Amino acid sequence: MSSENRTTVPNSLNEHWMPFTSNKDFKENPRLITEANGVYLKNHEGKTMIDGSSGLFCNPLGHGRREITEAVTKQLETLDYCQPFQQGFGGSFELATKISKHTPGDLNKIFYTICGSTAVETAIKIAVAYHKAKGNGQRFRFVGRERAYHGMNIGCVSIGGMVNNVKTFASILMPGVQHMRHTHLQEHKFVSGQPETGAELANDLERICTNFGAENIAACIVEPVSGSTGVLVPPKGYLQKLREICTKHGILLIFDEVITGWGRMGSTFASQEFGVEPDMMTMAKATTNGVVPMGVVACKDEIYDAVMDASPKGAVELFHGYTYSGIPVSVAAALAVQEIFEKEDIFNKVKGMVSYFQKGLFSLKDLDSVENIRGYGLMGGIDMKMNVKPGKAGYECFKSCYKAGVNFKATGDCLIIAPQFICEKKHIDEIIDKLRTGISNYQKNLKN
Ligand SMILES: Cc1ncc(COP(=O)(O)O)c(C=O)c1O
(Lines give C-alpha, C1' and ligand atoms only; values in the text may rest on other atoms or scores of the structure.)
Protein backbone atom coordinates (compact mmCIF):
# COMPACT_ATOMS: atom_id res chain seq x y z
CA MET A 1 0.00 0.00 0.00
CA SER A 2 1.43 3.40 -0.89
CA SER A 3 1.74 5.88 1.95
CA GLU A 4 -0.95 8.13 0.40
CA ASN A 5 -3.45 5.31 0.55
CA ARG A 6 -2.78 4.45 4.19
CA THR A 7 -5.65 5.14 6.56
CA THR A 8 -5.70 5.34 10.33
CA VAL A 9 -8.09 2.39 10.36
CA PRO A 10 -6.42 -0.81 9.14
CA ASN A 11 -8.18 -3.41 6.99
CA SER A 12 -7.03 -6.33 9.11
CA LEU A 13 -6.09 -6.63 12.76
CA ASN A 14 -5.02 -10.25 12.46
CA GLU A 15 -1.33 -10.00 11.68
CA HIS A 16 -0.04 -7.67 14.37
CA TRP A 17 0.74 -9.61 17.59
CA MET A 18 0.43 -6.79 20.08
CA PRO A 19 2.72 -6.49 23.13
CA PHE A 20 1.33 -6.78 26.68
CA THR A 21 -2.18 -6.80 25.22
CA SER A 22 -5.26 -8.99 25.51
CA ASN A 23 -5.03 -9.53 21.74
CA LYS A 24 -8.30 -11.45 21.38
CA ASP A 25 -10.31 -8.91 23.36
CA PHE A 26 -8.64 -5.94 21.68
CA LYS A 27 -9.30 -7.23 18.19
CA GLU A 28 -13.01 -7.59 18.98
CA ASN A 29 -13.18 -4.00 20.29
CA PRO A 30 -10.12 -2.11 19.08
CA ARG A 31 -8.86 1.10 20.60
CA LEU A 32 -6.90 2.86 17.87
CA ILE A 33 -5.33 6.21 18.57
CA THR A 34 -5.26 8.37 15.47
CA GLU A 35 -3.99 11.76 16.66
CA ALA A 36 -2.22 13.31 19.62
CA ASN A 37 -1.76 16.94 20.49
CA GLY A 38 -0.76 18.52 23.80
CA VAL A 39 -2.58 16.69 26.59
CA TYR A 40 -5.19 15.19 24.27
CA LEU A 41 -5.54 12.06 22.16
CA LYS A 42 -8.11 11.26 19.50
CA ASN A 43 -9.29 7.72 18.73
CA HIS A 44 -10.59 6.12 15.53
CA GLU A 45 -14.17 6.88 16.52
CA GLY A 46 -13.29 10.57 16.59
CA LYS A 47 -13.50 10.72 20.39
CA THR A 48 -11.13 13.04 22.25
CA MET A 49 -9.52 11.78 25.46
CA ILE A 50 -7.17 13.34 27.96
CA ASP A 51 -3.85 11.54 28.37
CA GLY A 52 -3.77 10.54 32.05
CA SER A 53 -0.47 8.67 32.03
CA SER A 54 1.74 10.68 29.66
CA GLY A 55 1.60 7.77 27.20
CA LEU A 56 3.54 5.07 29.00
CA PHE A 57 5.06 7.75 31.29
CA CYS A 58 7.09 8.91 28.33
CA ASN A 59 5.42 12.05 26.87
CA PRO A 60 5.44 14.46 29.84
CA LEU A 61 6.09 17.51 27.67
CA GLY A 62 2.90 16.92 25.72
CA HIS A 63 2.21 15.41 22.33
CA GLY A 64 3.25 16.96 19.04
CA ARG A 65 6.02 19.22 20.39
CA ARG A 66 7.09 21.29 17.42
CA GLU A 67 10.61 21.90 18.81
CA ILE A 68 11.29 18.15 18.95
CA THR A 69 9.84 17.49 15.49
CA GLU A 70 11.99 20.27 14.03
CA ALA A 71 15.16 19.06 15.77
CA VAL A 72 14.61 15.48 14.59
CA THR A 73 13.78 16.58 11.04
CA LYS A 74 16.86 18.77 10.85
CA GLN A 75 19.03 15.97 12.17
CA LEU A 76 17.68 13.49 9.62
CA GLU A 77 18.42 15.95 6.84
CA THR A 78 22.01 16.54 8.03
CA LEU A 79 23.23 13.23 9.44
CA ASP A 80 20.65 10.45 9.54
CA TYR A 81 22.85 7.76 11.04
CA CYS A 82 26.35 7.32 12.35
CA GLN A 83 27.90 4.07 13.53
CA PRO A 84 28.26 4.22 17.29
CA PHE A 85 31.24 1.81 17.44
CA GLN A 86 34.69 3.41 17.03
CA GLN A 87 32.99 6.49 15.53
CA GLY A 88 30.89 9.32 16.84
CA PHE A 89 29.26 12.66 16.20
CA GLY A 90 29.19 15.85 18.24
CA GLY A 91 25.60 15.63 19.49
CA SER A 92 26.05 12.53 21.64
CA PHE A 93 28.94 14.16 23.53
CA GLU A 94 26.99 17.39 23.98
CA LEU A 95 24.02 15.45 25.34
CA ALA A 96 26.20 13.39 27.72
CA THR A 97 27.64 16.61 29.14
CA LYS A 98 24.13 18.03 29.58
CA ILE A 99 22.81 14.88 31.25
CA SER A 100 25.79 14.67 33.59
CA LYS A 101 25.05 18.22 34.82
CA HIS A 102 21.68 16.93 36.09
CA THR A 103 22.75 13.58 37.55
CA PRO A 104 23.66 13.53 41.24
CA GLY A 105 27.22 13.52 42.64
CA ASP A 106 29.82 12.10 40.33
CA LEU A 107 27.52 10.02 38.12
CA ASN A 108 29.15 11.70 35.16
CA LYS A 109 29.72 8.94 32.65
CA ILE A 110 26.89 8.35 30.21
CA PHE A 111 26.31 5.15 28.21
CA TYR A 112 23.49 5.20 25.62
CA THR A 113 21.14 2.31 25.00
CA ILE A 114 17.92 1.80 23.05
CA CYS A 115 15.26 1.79 25.77
CA GLY A 116 14.69 1.17 29.46
CA SER A 117 15.19 -2.60 29.23
CA THR A 118 18.52 -2.24 27.46
CA ALA A 119 19.57 0.43 29.98
CA VAL A 120 18.93 -1.97 32.85
CA GLU A 121 20.62 -4.83 31.00
CA THR A 122 23.62 -2.54 30.40
CA ALA A 123 23.77 -1.53 34.07
CA ILE A 124 23.87 -5.23 35.02
CA LYS A 125 26.78 -5.80 32.64
CA ILE A 126 28.66 -2.70 33.76
CA ALA A 127 28.33 -3.82 37.39
CA VAL A 128 29.89 -7.19 36.53
CA ALA A 129 32.61 -5.57 34.39
CA TYR A 130 33.44 -3.10 37.17
CA HIS A 131 33.89 -5.77 39.83
CA LYS A 132 35.93 -7.92 37.43
CA ALA A 133 38.15 -4.94 36.68
CA LYS A 134 38.70 -4.48 40.41
CA GLY A 135 39.72 -8.12 40.78
CA ASN A 136 36.37 -9.21 42.23
CA GLY A 137 35.16 -11.55 39.51
CA GLN A 138 33.30 -13.62 42.09
CA ARG A 139 30.71 -10.85 42.46
CA PHE A 140 28.06 -12.18 40.07
CA ARG A 141 24.97 -12.10 42.26
CA PHE A 142 22.25 -9.45 41.97
CA VAL A 143 19.58 -8.36 44.38
CA GLY A 144 16.23 -7.10 43.11
CA ARG A 145 12.90 -6.63 44.79
CA GLU A 146 9.41 -8.12 44.66
CA ARG A 147 6.91 -6.08 42.63
CA ALA A 148 9.70 -4.42 40.66
CA TYR A 149 9.51 -3.82 36.94
CA HIS A 150 12.79 -3.32 35.10
CA GLY A 151 11.82 -4.25 31.54
CA MET A 152 11.57 -7.38 29.46
CA ASN A 153 15.03 -8.63 28.55
CA ILE A 154 16.24 -11.73 30.39
CA GLY A 155 18.35 -9.81 32.93
CA CYS A 156 15.52 -7.33 33.55
CA VAL A 157 12.92 -10.04 34.07
CA SER A 158 15.31 -11.93 36.39
CA ILE A 159 15.91 -9.00 38.71
CA GLY A 160 12.32 -7.79 38.38
CA GLY A 161 9.61 -9.07 40.63
CA MET A 162 6.43 -9.39 38.61
CA VAL A 163 5.08 -12.87 39.00
CA ASN A 164 3.38 -13.13 35.60
CA ASN A 165 6.50 -11.94 33.81
CA VAL A 166 8.60 -14.55 35.56
CA LYS A 167 6.34 -17.60 35.38
CA THR A 168 6.55 -18.33 31.64
CA PHE A 169 10.27 -17.68 31.41
CA ALA A 170 11.46 -19.21 34.68
CA SER A 171 13.63 -21.78 32.90
CA ILE A 172 15.79 -19.20 31.15
CA LEU A 173 16.29 -16.57 33.85
CA MET A 174 19.67 -15.33 35.04
CA PRO A 175 21.19 -17.33 37.89
CA GLY A 176 22.21 -15.84 41.23
CA VAL A 177 19.37 -13.35 41.71
CA GLN A 178 17.70 -12.83 45.09
CA HIS A 179 14.73 -10.61 45.86
CA MET A 180 14.01 -8.39 48.82
CA ARG A 181 10.40 -8.01 49.90
CA HIS A 182 8.43 -5.15 48.39
CA THR A 183 7.76 -2.17 50.61
CA HIS A 184 4.00 -1.90 50.58
CA LEU A 185 2.48 -2.74 53.96
CA GLN A 186 -1.20 -2.99 54.94
CA GLU A 187 -0.74 -0.01 57.27
CA HIS A 188 0.22 2.14 54.24
CA LYS A 189 -3.34 2.09 52.95
CA PHE A 190 -4.39 5.51 51.63
CA VAL A 191 -1.07 7.07 52.67
CA SER A 192 -0.08 9.96 50.44
CA GLY A 193 3.67 10.44 50.01
CA GLN A 194 6.27 8.44 51.91
CA PRO A 195 4.96 6.06 54.59
CA GLU A 196 6.41 6.56 58.08
CA THR A 197 6.89 2.82 58.68
CA GLY A 198 8.72 0.04 56.88
CA ALA A 199 12.32 1.30 56.57
CA GLU A 200 13.48 -1.91 58.25
CA LEU A 201 12.46 -3.84 55.11
CA ALA A 202 15.83 -2.72 53.73
CA ASN A 203 17.41 -5.17 56.14
CA ASP A 204 16.36 -7.89 53.68
CA LEU A 205 19.49 -6.89 51.80
CA GLU A 206 21.63 -7.48 54.89
CA ARG A 207 19.99 -10.88 55.29
CA ILE A 208 20.77 -11.81 51.66
CA CYS A 209 24.36 -10.71 52.30
CA THR A 210 24.53 -13.08 55.26
CA ASN A 211 23.01 -15.98 53.33
CA PHE A 212 24.93 -15.64 50.07
CA GLY A 213 28.08 -13.75 51.11
CA ALA A 214 28.17 -9.99 50.54
CA GLU A 215 31.50 -10.47 48.77
CA ASN A 216 29.63 -12.33 45.99
CA ILE A 217 27.04 -9.65 45.31
CA ALA A 218 27.61 -7.27 42.40
CA ALA A 219 24.68 -4.90 42.78
CA CYS A 220 21.31 -4.17 44.26
CA ILE A 221 18.79 -2.60 41.91
CA VAL A 222 15.55 -0.84 42.80
CA GLU A 223 13.13 1.63 41.33
CA PRO A 224 13.18 4.42 43.95
CA VAL A 225 9.37 4.44 43.54
CA SER A 226 8.05 1.31 41.83
CA GLY A 227 6.05 2.68 38.93
CA SER A 228 4.45 0.09 36.66
CA THR A 229 3.58 -2.26 39.50
CA GLY A 230 1.37 0.27 41.22
CA VAL A 231 3.31 3.28 42.51
CA LEU A 232 4.91 1.85 45.65
CA VAL A 233 6.46 4.76 47.50
CA PRO A 234 9.53 3.94 49.64
CA PRO A 235 9.07 4.25 53.40
CA LYS A 236 10.99 7.11 54.98
CA GLY A 237 14.61 6.06 55.53
CA TYR A 238 14.34 2.91 53.39
CA LEU A 239 16.50 4.05 50.47
CA GLN A 240 19.03 5.55 52.89
CA LYS A 241 19.34 2.16 54.62
CA LEU A 242 19.87 0.39 51.29
CA ARG A 243 22.63 2.90 50.53
CA GLU A 244 24.32 2.25 53.88
CA ILE A 245 24.25 -1.53 53.45
CA CYS A 246 25.57 -1.34 49.87
CA THR A 247 28.40 0.99 50.90
CA LYS A 248 29.32 -1.20 53.85
CA HIS A 249 29.68 -4.30 51.63
CA GLY A 250 31.04 -2.78 48.40
CA ILE A 251 27.80 -3.59 46.56
CA LEU A 252 26.80 -1.19 43.79
CA LEU A 253 23.44 0.50 44.25
CA ILE A 254 21.52 1.00 41.00
CA PHE A 255 18.45 3.21 40.80
CA ASP A 256 16.19 2.42 37.88
CA GLU A 257 14.86 5.89 37.10
CA VAL A 258 13.22 4.98 33.80
CA ILE A 259 9.93 6.39 35.11
CA THR A 260 11.01 8.50 38.07
CA GLY A 261 13.76 10.32 36.14
CA TRP A 262 13.42 13.71 34.49
CA GLY A 263 10.98 15.35 36.87
CA ARG A 264 8.20 12.85 37.62
CA MET A 265 8.91 13.03 41.38
CA GLY A 266 9.23 16.82 41.53
CA SER A 267 13.04 16.87 41.55
CA THR A 268 15.05 16.10 38.43
CA PHE A 269 15.63 12.56 39.66
CA ALA A 270 14.20 10.53 42.54
CA SER A 271 17.76 10.30 43.80
CA GLN A 272 17.72 14.02 44.55
CA GLU A 273 14.12 13.96 45.77
CA PHE A 274 14.91 11.32 48.42
CA GLY A 275 18.49 12.48 49.06
CA VAL A 276 20.18 9.18 48.21
CA GLU A 277 22.97 8.84 45.68
CA PRO A 278 23.22 5.56 43.79
CA ASP A 279 26.31 4.31 41.94
CA MET A 280 24.45 3.94 38.67
CA MET A 281 21.17 5.22 37.31
CA THR A 282 19.09 4.14 34.34
CA MET A 283 16.72 6.40 32.41
CA ALA A 284 14.67 6.26 29.19
CA LYS A 285 11.10 7.38 28.39
CA ALA A 286 11.02 11.15 29.09
CA THR A 287 14.63 11.49 27.89
CA THR A 288 13.23 12.00 24.36
CA ASN A 289 9.65 12.79 25.38
CA GLY A 290 8.98 9.27 24.11
CA VAL A 291 9.00 10.17 20.43
CA VAL A 292 12.08 8.14 19.52
CA PRO A 293 13.54 5.34 21.62
CA MET A 294 16.52 5.99 23.84
CA GLY A 295 17.91 4.64 27.09
CA VAL A 296 20.73 5.96 29.24
CA VAL A 297 22.94 4.59 31.99
CA ALA A 298 24.74 7.14 34.16
CA CYS A 299 27.72 5.74 36.08
CA LYS A 300 30.02 7.09 38.74
CA ASP A 301 33.38 8.25 37.40
CA GLU A 302 35.04 5.59 39.53
CA ILE A 303 33.19 2.80 37.70
CA TYR A 304 34.22 4.10 34.29
CA ASP A 305 37.82 4.66 35.44
CA ALA A 306 38.11 1.13 36.84
CA VAL A 307 36.90 -0.43 33.57
CA MET A 308 39.19 1.85 31.52
CA ASP A 309 42.22 1.17 33.70
CA ALA A 310 41.78 -2.61 33.45
CA SER A 311 42.26 -2.58 29.67
CA PRO A 312 45.40 -1.90 27.64
CA LYS A 313 45.36 1.20 25.41
CA GLY A 314 43.82 0.48 22.00
CA ALA A 315 41.62 -2.36 23.27
CA VAL A 316 37.83 -2.15 23.50
CA GLU A 317 37.28 -1.75 27.25
CA LEU A 318 33.64 -2.87 27.46
CA PHE A 319 32.34 -5.50 25.08
CA HIS A 320 28.87 -4.09 24.94
CA GLY A 321 26.83 -1.72 22.80
CA TYR A 322 23.91 -1.50 20.38
CA THR A 323 23.47 -0.52 16.73
CA TYR A 324 21.14 2.19 18.00
CA SER A 325 23.24 3.38 20.99
CA GLY A 326 22.91 7.16 20.96
CA ILE A 327 22.06 7.49 17.28
CA PRO A 328 21.65 11.00 15.86
CA VAL A 329 17.86 11.00 15.71
CA SER A 330 17.50 10.03 19.41
CA VAL A 331 20.16 12.48 20.46
CA ALA A 332 18.49 15.30 18.52
CA ALA A 333 15.18 14.60 20.26
CA ALA A 334 16.88 14.41 23.67
CA LEU A 335 18.74 17.70 23.14
CA ALA A 336 15.47 19.39 22.18
CA VAL A 337 13.90 17.95 25.34
CA GLN A 338 16.76 19.35 27.44
CA GLU A 339 16.10 22.78 25.99
CA ILE A 340 12.40 22.58 26.83
CA PHE A 341 13.18 21.43 30.39
CA GLU A 342 15.27 24.53 30.82
CA LYS A 343 13.21 27.06 28.92
CA GLU A 344 9.94 26.09 30.58
CA ASP A 345 11.45 25.47 34.02
CA ILE A 346 9.70 22.10 33.90
CA PHE A 347 10.94 20.57 37.15
CA ASN A 348 9.77 23.55 39.21
CA LYS A 349 6.49 23.50 37.31
CA VAL A 350 6.00 19.87 38.37
CA LYS A 351 6.84 20.72 41.99
CA GLY A 352 4.19 23.42 41.91
CA MET A 353 1.50 21.00 40.69
CA VAL A 354 2.22 18.04 42.99
CA SER A 355 -0.05 18.87 45.92
CA TYR A 356 -2.95 19.86 43.64
CA PHE A 357 -2.70 16.56 41.78
CA GLN A 358 -2.28 14.47 44.92
CA LYS A 359 -5.33 16.13 46.50
CA GLY A 360 -7.38 15.35 43.39
CA LEU A 361 -6.15 11.77 43.32
CA PHE A 362 -7.04 11.11 46.95
CA SER A 363 -10.48 12.70 46.45
CA LEU A 364 -11.42 9.43 44.69
CA LYS A 365 -11.11 7.58 47.99
CA ASP A 366 -14.88 7.66 48.59
CA LEU A 367 -15.67 5.45 45.57
CA ASP A 368 -16.85 2.01 46.73
CA SER A 369 -14.77 -0.02 44.34
CA VAL A 370 -11.51 1.75 45.24
CA GLU A 371 -9.40 -0.41 47.53
CA ASN A 372 -6.40 1.84 48.04
CA ILE A 373 -4.61 4.93 46.70
CA ARG A 374 -0.90 5.79 46.76
CA GLY A 375 0.97 8.65 45.25
CA TYR A 376 4.12 10.72 45.01
CA GLY A 377 5.05 13.60 42.74
CA LEU A 378 2.98 13.59 39.58
CA MET A 379 2.24 9.88 39.84
CA GLY A 380 -0.46 7.91 41.59
CA GLY A 381 -1.81 4.39 41.82
CA ILE A 382 -5.46 3.51 42.44
CA ASP A 383 -6.03 -0.11 43.46
CA MET A 384 -9.46 -1.43 42.50
CA LYS A 385 -11.16 -4.04 44.65
CA MET A 386 -10.64 -7.46 43.11
CA ASN A 387 -13.49 -8.65 40.93
CA VAL A 388 -13.63 -12.45 40.58
CA LYS A 389 -9.94 -12.79 39.64
CA PRO A 390 -6.84 -10.55 39.75
CA GLY A 391 -6.60 -8.12 36.83
CA LYS A 392 -10.28 -8.17 35.79
CA ALA A 393 -11.28 -5.09 37.80
CA GLY A 394 -8.30 -3.10 36.55
CA TYR A 395 -8.94 -3.92 32.92
CA GLU A 396 -12.72 -3.39 33.06
CA CYS A 397 -12.23 -0.12 34.89
CA PHE A 398 -9.61 1.03 32.39
CA LYS A 399 -12.09 0.39 29.55
CA SER A 400 -14.83 2.26 31.40
CA CYS A 401 -12.51 5.24 31.97
CA TYR A 402 -11.42 5.16 28.31
CA LYS A 403 -15.09 5.46 27.41
CA ALA A 404 -15.40 8.34 29.88
CA GLY A 405 -12.56 10.13 28.07
CA VAL A 406 -9.40 9.52 30.09
CA ASN A 407 -6.62 7.23 28.91
CA PHE A 408 -3.95 5.67 31.18
CA LYS A 409 -2.14 2.45 31.98
CA ALA A 410 -3.53 -0.24 34.24
CA THR A 411 -1.37 -2.98 35.74
CA GLY A 412 -3.36 -5.81 37.25
CA ASP A 413 -6.00 -4.12 39.39
CA CYS A 414 -4.08 -0.86 39.71
CA LEU A 415 -4.85 2.22 37.63
CA ILE A 416 -1.65 4.20 37.21
CA ILE A 417 -2.07 7.92 36.73
CA ALA A 418 0.83 10.12 35.65
CA PRO A 419 -0.26 13.46 34.18
CA GLN A 420 1.89 15.33 31.73
CA PHE A 421 4.15 18.03 33.15
CA ILE A 422 2.47 20.62 30.95
CA CYS A 423 -0.89 20.02 32.63
CA GLU A 424 -2.59 23.03 34.10
CA LYS A 425 -4.99 22.76 37.02
CA LYS A 426 -7.95 22.48 34.64
CA HIS A 427 -6.34 19.42 33.01
CA ILE A 428 -5.74 17.77 36.39
CA ASP A 429 -9.42 18.48 37.21
CA GLU A 430 -10.45 16.91 33.92
CA ILE A 431 -8.39 13.78 34.57
CA ILE A 432 -9.85 13.38 38.08
CA ASP A 433 -13.44 14.12 36.95
CA LYS A 434 -13.23 11.61 34.14
CA LEU A 435 -11.68 9.01 36.44
CA ARG A 436 -14.61 9.52 38.80
CA THR A 437 -17.09 9.06 35.94
CA GLY A 438 -15.28 6.01 34.56
CA ILE A 439 -14.92 4.31 37.94
CA SER A 440 -18.54 5.13 38.89
CA ASN A 441 -19.83 3.65 35.61
CA TYR A 442 -17.73 0.56 36.19
CA GLN A 443 -19.29 0.24 39.68
CA LYS A 444 -22.82 0.63 38.26
CA ASN A 445 -22.19 -2.17 35.74
CA LEU A 446 -20.94 -4.41 38.55
CA LYS A 447 -24.27 -4.04 40.33
CA ASN A 448 -26.35 -4.76 37.21
C1 LIG B 1 11.39 1.23 35.92
C2 LIG B 1 11.41 0.68 34.53
N3 LIG B 1 12.53 0.12 34.07
C4 LIG B 1 12.62 -0.37 32.82
C5 LIG B 1 11.54 -0.31 31.97
C6 LIG B 1 11.64 -0.86 30.57
O7 LIG B 1 11.65 0.15 29.66
P8 LIG B 1 11.37 -0.16 28.09
O9 LIG B 1 9.95 -0.57 27.98
O10 LIG B 1 11.68 1.14 27.44
O11 LIG B 1 12.30 -1.24 27.70
C12 LIG B 1 10.35 0.28 32.41
C13 LIG B 1 9.18 0.36 31.52
O14 LIG B 1 8.10 0.75 31.89
C15 LIG B 1 10.27 0.77 33.72
O16 LIG B 1 9.16 1.32 34.20
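In the predicted model, F20 counts as exposed, because 9 C-beta neighbours lie inside 10 Å. This residue belongs to the segment before α1 (23-28). Although F20 is not a glycine, its phi is positive, at about 40°. A positive phi also occurs at R147, another residue other than glycine, where the value is near 55°. R147 is placed in the loop between β5 (141-145) and α6 (154-159). With 20 C-beta neighbours inside 10 Å, R147 counts as buried, since the threshold for burial is 20 or more.

R147 is also among the residues touched by G161 when residues up to four places away in sequence are not counted. G161 itself lies in the loop between α6 and α7 (163-169) and is buried, with 22 other C-beta atoms within 10 Å. A separation of 9.2 Å was computed between the C-alpha atoms of G161 and T229, which are 68 residues apart along the chain.

The ligand is surrounded by 14 residues, of which C115, G116, S117, G151 and V258 are the closest. Helix α5 (residues 116-133) makes the greatest contribution to this shell, with 3 residues. By residue class, the shell around the ligand consists of 6 nonpolar, 6 polar and 2 charged residues.

At the level of the whole chain, the secondary structure comprises 15 helices and 15 strands. The radius of gyration is 22 Å, close to the 22 Å given by the globule rule for 448 residues, and the chain is therefore as compact as a globular protein of that length. Along the principal axes, the C-alpha atoms fill a box of roughly 70 × 55 × 45 Å. Buried residues account for 48% of the 448 residues of the chain. Of the contacts between residues at least 6 apart in sequence, 71% join residues at least 24 apart.

The chain is divided into two parts, domain 1 (3-64 + 345-447) and domain 2 (69-343). Their C-alpha centres lie 26 Å apart. Contact between the domains involves 30 residues of domain 1 and 27 residues of domain 2. On the side of domain 1 that touches domain 2, at least two residues each are supplied by α2 (54-57), α13 (346-362), β11 (370-376), β12 (379-384) and β15 (414-417). The greatest share of this side comes from α13, with 7 residues. The residues of this side of domain 1 divide into 17 nonpolar, 9 polar and 4 charged.

In soluble globular proteins, nonpolar side chains tend to be buried together. In this chain, the largest nonpolar core contains 121 residues, and the members that touch the most others are C220, L242, L252, M280, V296, A333 and L415. Both domain 1 (3-64 + 345-447) and domain 2 (69-343) give residues to this core, which therefore lies between them. For L415, leaving aside neighbours within four places in sequence, the contacts are I382, M384, G394, C397, F398, F408 and A410.

Key
Residues are numbered from 1 along each chain as its sequence is written. This is a predicted model: local features need pLDDT of at least 70, side-chain atom pairs count only at pLDDT 80 or more; totals for chains, interfaces and linings use all residues. Helices (H or I, at least four residues) and strands (E, at least two) are DSSP runs, numbered from the N terminus. A residue is buried if 20 or more other C-beta atoms lie within 10 Å of its own, exposed if 12 or fewer, and partly exposed in between; C-beta atoms are placed from the backbone. A residue is near a molecule or strand if its C-beta atom, placed from the backbone, lies within 6 Å of it. Ala, Val, Leu, Ile, Met, Phe, Trp, Tyr, Cys and Pro count as nonpolar, Asp, Glu, Lys and Arg as charged, and the others, Gly among them, as polar. The radius of gyration is taken over C-alpha atoms; the globule rule is 2.2 Å times the number of residues to the power 0.38. Two residues are in contact if their C-beta atoms, placed from the backbone, lie within 7 Å. A nonpolar core is a set of buried Ala, Val, Leu, Ile, Met, Phe, Trp, Tyr and Cys residues joined through C-beta atoms within 7 Å. Domain bounds come from an automatic or database domain assignment.
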